[in-house]
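This report describes the strand pairing, the helix packing and the domain division of one protein model. The sequence and the structure are shown first.

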Amino acid sequence: MANEINRVEEQARLERVKMRIQASIAELEPEVSGLRSQVTDIRKRFWEDVTLNTSTHEDFEETFYSIKQQEALLSERERSHLKRLQRLNGMKRLLPSPYFGRIDFTEQGTKESEAVYIGVASLTDEEELSFLVYDWRTPIASMYYDFMPGPAHYDTPGGRIDGEMTLKRQYQIRDGELRHVFDTSMTIGDELLQQALGQGADAQMKSIVATIQREQNAIIRDETSRMLIVQGAAGSGKTSAALQRAAYLLYRNRDKLRADQLVLFSPNGMFNSYVAAVLPELGEENMQQTTFQEYLSYWLEGSLALEDPFEQMEFVLTAPQTPDYEARMAGIAYKASERFLHALQQYALWLGKEGMRFVPIRFQDRELISAARMREQFYSYDPNVRLANRVILLRDWLLKELSRWERREREADWVQDEVNYLDPESYDEAYRTVLRKYRREEAVFEFTDQYDGDRRNQGPGEESLFDFADQEEELLREMIVKAHAEPLKREVKRLHFIDFIGLYVQLFEDEGAFSRMTGETEVPASWPEICRQTQEKLNGKQLFYEDATPYLYVKELIEGTRINTEVRHVFVDEGQDYSPFQYAFLKKLFPRARMTVLGDFNQAIFAQATNLQEEASPLVRLYGEEETRLIRLVRSYRSTQEIVSFTKSLLPWGGDIVPFERSGEKPRFLQASSSAARAARMAGDLAALTAEGLGSVAVITKTAAEASEAYGLLLEQGCESLRLITKETLSFEKGIAVIPSYLAKGVEFDAVLVYDASSAVYGRESERKLFYTVCTRAMHKLLLYAVGEWTPFIDGIDRGLQNMVELS
Ligand SMILES: Nc1ncnc2c1ncn2[C@@H]1O[C@H](COP(=O)(O)OP(=O)(O)OP(=O)(O)O)[C@@H](O)[C@H]1O
């Protein structure tokens, strides 16, 4: 009965709030459009309203201030417009679902209890005296996520507020209609979460503000750690928490933090599109999103062809039988290590004393400045000056040398030859330049004549005409040499006189040289082979993916120019797939940023993985224990209980994974006698799944080649609307996707069909985590197919879980 009364009251309150929102919208809409037209108008008439006069100093000053005034007016209107527009958008977001939660809180020392309603934006009453809805990111709202009814507290800039939470209520309001309302004694009631998780997958990730869990809230609201590491099971909401965290940080620091000061490193381009809707849904602009690969390519400036991580991955997955395999794998591991990082730091110190390599500056077939002369000049500078600063000194010296050469070169025969072959337009241009110069000089002479009665006032008479032709010729020579010197100078300014490739290659000459240059005494046993592979690749102007970061690191140690001090927060998703080396590089690149790393070591599929979960993890060392916080998430929200029980059993070391109580079908195992039989069966299953209404389905293969094969075979079976996903795919869409394992990272599907779960495909121990990653993409249904023997990873699992179906 009590609930019914509540419902009536709640309904009435909802109506009041909606009316207030509608009134706000009605008020804001004309204001916004009025301001918008004012801004357009000011922009259009900007110069009409400015007094432009530069005749005298005073006029100039007046013009200057008039422009400044106009600018100030424009930016003030733009700011007001933006502010009101944001408010209007906030109201529009609130209208269909003004709030999702309520807590009643009595502050210690007071008698009155306040009902705190929580939604995706704040809303005040007409007098702006009290909040009808609190933004979920306000300090008081944090209690909703952190406490169940009973003693509760929250932090404010003025200190901690203690009190008693007497009620916790959840609402489901859709299209302005109150669908459900229930009280809960839990942190966040399972009922709402059940509903949220029971829905089908979307083409884009959704915000989870209404059901954020306590441990996720800790991630979202952390404002003190320099390094926040989140190790969480597959589907435990790491990416979700990261995105809500970005929205939280933008809200909390809205006067000093812009969205473009946040950078998210994602696993691939498609993932960017998958998560792109969350921040706008929360009323914030999207942060910068990139992939590490994109970042590397940008800094390499096309100087080398860079292998991408997926090519490396394909090699790791498909080439174990090749003779180069073991050495390459040892090389990948070593080049990802902190040892190698340290070796390169020592290398930079060594370069401060000897060993720098330069590219001679050549012109036509002549060497203008040899590498030896550059080296001599470089090492003549004070050795206490930083390497990067000595590079700048050398750059300036080279520019001067080139200017000197330019002056000398004007007399060279080839210059005269070019002058002779010049087209009439160039002559004409030179003539006009000399004439302009002559007139300028004349004006100066006339002016000085007033004071110098002795000077003869002469025009371009006989004598001066002779000068005139001479000067024209001189000018043409100057122009010609300048045109040739410009590209040389440009190269120097870009520091292309440093032989970066040579500097990296020389590290891989042999073990003795490496140890002399870096002080490193322990290298992998296959070092000679690693050296051969690295050199061969670089000589072909190509770079292995594992060499890209170390190469740029060396470059950075020498140039010291790439630092980005604007960025304040770096988010690394799928953080287990980055090497300690890459983290050190990120730290160096973004010296003023805090880092949030989210990952799952059980999904470490790249060879250069970093363990996030240990206290001794290299990540903890990066900023030190004091500044680092490690949060573990164990509850998995994505998959049904049955799927989690199965995927958990794939990890014999027992991953810390607790399924959320949501039941579904057991995983299905389907063995076929041939690829064709499997494709036929799969086609039938795909049709059935679509008919059941599952909107997003993935056929996940191990490699790209396997994906193409599956795609072809399924098409032959008459499957329609299949989408083959490759590393170039940039958008995530609903429907049926055929996708290689490593591109399915971070995303999820209603149903997953594992294309080939046979031992021939997932047979090596090193592929266990990949297999786990593939299976954990499924939300509601998981179907595994095999032609031949099953993968040994399922050997030990509880047979009761399986519905074995034999196919002939
Ligand atoms: N508190 C929550 N409320 C509702 N849904 C949630 C919550 N936390 C996570 N989810 C849902 O669980 C699914 C998995 O979340 P997410 O992709 O963020 O997990 P993840 O830890 O990044 O997974 P993975 O490691 O596999 O990439 C998503 O559908 C997400 O919406």
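How many residues lie between S6 and S7 in the hairpin that they form, and which residue in the turn has a positive phi? There are 2 residues between S6 and S7, and aspartate 175 in the turn has a positive phi of about 50°.

## Basis of the description

This is a predicted model, in which local features need pLDDT of at least 70 and side-chain atom pairs count only at pLDDT 80 or more, whereas totals for chains, interfaces and linings use all residues. Residues are numbered from 1 along each chain as its sequence is written.

Helices (H or I, at least four residues) and strands (E, at least two) are DSSP runs, numbered from the N terminus.

## Domains

Four domains are assigned: domain 1 (2–94), domain 2 (98–187), domain 3 (422–490) and domain 4 (652–806). Their bounds come from an automatic or database domain assignment. Between the C-alpha centres of domain 1 and domain 4 the distance is 51 Å.

## Antiparallel pairing around S6

Two strands pair if DSSP finds at least two bridges between them. Strand S6 (residues 159–174) is antiparallel to strand S1 (residues 101–107), with 7 bridges joining them; glutamate 107 has glycine 163 of S6 as its bridge partner.

Strand S5 (residues 150–156) also pairs with S6 in the antiparallel sense, over 7 bridges. Here threonine 156 is bridged to glycine 159 in S6, and the two strands form a hairpin with 2 residues between them. The pairing of S6 with strand S7 (residues 177–183) is likewise antiparallel and spans 6 bridges, with arginine 174 opposite glutamate 177 of S7.

An open sheet of 6 strands has the order S10-S9-S15-S16-S8-S17, with parallel pairing. Its edge strands, each pairing on one side only, are strand S10 (288–290) and strand S17 (628–633). On average, neighbouring strands of this sheet are turned by 15° against each other, direction ignored. Axes are lines fitted to C-alpha atoms, for helices over the stretch in contact, and angles run from 0 to 180 degrees between N-to-C directions.

Within the sheet, strand S9 (residues 262–265) and strand S15 (residues 569–572) run parallel and are joined by 4 bridges; valine 263 has valine 570 of S15 as its partner. Helix H6 (residues 238–252) lies across strand S8 (227–232), S9, S15, strand S16 (594–599) and S17, at about 160° to S16.

## Helix packing

Helix H11 (residues 325–335) and helix H21 (residues 545–559) have axes that come within 9 Å and cross at roughly 30°. H11 and H21 are therefore roughly parallel to each other (angles under 35 degrees count as roughly parallel, over 145 as roughly antiparallel, 65 to 115 as roughly perpendicular and the rest as oblique). Their crossing is left-handed (the near helix is turned anticlockwise from the far one by less than a right angle; clockwise is right-handed). Gly331, Ile332 and Lys335 of H11 make the contact with Glu546, Asp547 and Pro550 of H21 (C-beta atoms, placed from the backbone, within 7 Å). These residues divide into 2 nonpolar, 1 polar and 3 charged (Ala, Val, Leu, Ile, Met, Phe, Trp, Tyr, Cys and Pro count as nonpolar, Asp, Glu, Lys and Arg as charged, and the others, Gly among them, as polar).

For helix H13 (residues 371–378) and helix H14 (residues 387–409), the axes come within 10 Å and cross at roughly 125°, which makes H13 oblique to H14. The crossing of H13 with H14 is right-handed. Met374, Gln377 and Phe378 of H13 meet Arg390, Leu394 and Trp397 of H14, a contact of 4 nonpolar, 1 polar and 1 charged residues.

Technical notes
Contact = placed C-beta atoms within 7 Å.
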